[in-house]
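Colleague: I'm new to this one, and I'd like to be walked through it slowly. Could you put it up on the screen before we start?

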Amino acid sequence: MKDENRQLFHMSVKDSWNVKYNQNGYPHVQQGWILPPDRQVEFDPFVLMADDWFKRGTFSDHPHRGFQTVTYVVDGRLEHIDNSGGHSILDAGDVQYMNAGWAARHAEEAVDDDIIHTLQLWLNLPKSLKHTETSYQNVYLEDAPVVPFEGGIIRVYSGEISGVKGPLESIVPITMAEINLSEGATYSHILPGNHNAFIYMLAGEMEVGESKKTLGKTGVATLTFNENEDENIPRKSVLNVKAKTRSKVLIYSGKPIRETVVAHGPFVMNTKKEIRQTFEDYHNGLFGPPAVK
């Protein structure tokens, strides 16, 4: 056990902040940046993450290219429509994955008069995969495996964590998990040693990492990792947390891509020229028909 512990990289809080919200009115009621888009180099392979409350009509038919999205439903009902005929309804705790790839065109709508609350993460694609086929995957709450431990549970959406594998299959592999802790409980979260990771507090208050940084609801923290990890003999990283009150936290991680990122509107490419070409392709109809029922 001591030898194993020496092989672990103990993660700490690199930076932390609380989400600040804009009151937008109808229909995009409120929005805040969990991962602000102007700091994308720090978040690699992640581009941004938005915390949104919205009514129907906010995110109707729109295009994407060059990245992936991971949408977690906090509350309400989210209706997905895409222009290949896909349609589904997601509820609280469900997750939808989209590989925009070459040309996605979809809509994300609140159902009826709901106010939907979602967290949407943008996950970059390397240049070699930006023209892959568009695909969607729903991961329903009941399909994500749950591992109990003393004082809490972990629900695994993506990656191999605590001896189980999450059902979400992203083209660029990531881990995504939800950790629920009772007051005073502790947990050690194991991640690949070469992954860049961050956490977002959904509820409660907890101490995070070796620095024992206290984070409360809407708190975000980026985490230290071994950026020079040997690709051939990667170590594991461990994040130790302790709940000061009953807590719920999301944790995401991914291997940095280390490519130039140019994001503009709904597109994420490597150069401004590629962005201009993408807008031209969309206006020339290459993204296909609108996403409507």
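Colleague: Which residues touch the most other members of the largest nonpolar core?
Modeller: In this predicted model, Leu-35, Phe-46, Tyr-72 and Tyr-252 touch the most other members of that core, which has 26 residues. A nonpolar core here is a set of buried Ala, Val, Leu, Ile, Met, Phe, Trp, Tyr and Cys residues joined through side-chain atoms within 4.5 Å, where buried means under 20% relative accessible area, exposed over 50% and partly exposed in between, with a 1.4 Å probe and protein chains only.

Colleague: And which elements give two or more residues to this core?
Modeller: They include β4 (30–35), β5 (46–54), β7 (67–75), β12 (116–124) and β25 (247–254); strands are DSSP runs of E, at least two residues long, numbered from the N terminus. Apart from this core lies another, of 25 residues, with Val-13, Ala-177, Ile-199 and Val-249 among them.

Colleague: Before I go on, what should I know about the numbering and the cut-offs?
Modeller: Residues are numbered from 1 along each chain as its sequence is written, and side-chain values use heavy atoms, with hydrogens and water left out. Because the model is predicted, local features need pLDDT of at least 70 and side-chain atom pairs count only at pLDDT 80 or more, while totals for chains, interfaces and linings use all residues.

Colleague: Back to Phe-46, then: what does Phe-46 touch?
Modeller: Not counting residues up to four places away in sequence, Phe-46 touches, among others, Leu-35, Trp-122, Phe-198 and Tyr-252, a contact being heavy atoms within 4.5 Å.

Colleague: New topic: how much space lies in the largest pocket?
Modeller: About 390 Å³. A pocket is found on a 1 Å grid over the protein atoms alone, as an open set of points where a 1.4 Å probe fits, with protein on both sides within 12 Å along at least five of seven lines, and its lining residues have an atom within 4 Å of a point.

Colleague: What lines the largest pocket?
Modeller: There are 21 lining residues, of which Gln-31, Phe-59, His-64, Gln-120 and Trp-122 lie nearest its centre. The largest share of the lining, four residues, comes from β5, and the lining divides into ten nonpolar, nine polar and two charged residues.

Colleague: How about the second largest pocket, how much space lies there?
Modeller: About 230 Å³, and of the 13 residues lining that pocket, Gly-159, Glu-160, Pro-173, Ile-174 and Thr-175 are the closest to its centre.

Colleague: Is Thr-71 buried or exposed?
Modeller: Thr-71, which is found in strand β7, counts as buried because its relative accessibility is 3%. The side chains of Thr-71 and Gln-120 are joined by a polar contact of 2.9 Å, meaning a pair of N or O atoms within 3.5 Å; within protein, one must be able to donate a hydrogen and the other to accept it, and residues adjacent in sequence count only if both atoms are side-chain atoms.

Colleague: And why does His-117 count as buried?
Modeller: His-117 counts as buried because its relative accessibility is 11%. His-117 lies in strand β12, and its side chain makes a polar contact of 2.6 Å with the side chain of Asp-51.

Colleague: Last one, where is Gly-57?
Modeller: Gly-57 sits in the loop between β5 and β6 and is partly exposed, with a relative accessible area of 41%. Its C-alpha atom is separated by 8.8 Å from that of Glu-108, 51 residues apart along the chain.

Technical notes
Grid points are joined across faces, edges and corners, and a volume is the space filled by probe spheres set on the points. Ala, Val, Leu, Ile, Met, Phe, Trp, Tyr, Cys and Pro count as nonpolar, Asp, Glu, Lys and Arg as charged, and the others, Gly among them, as polar.
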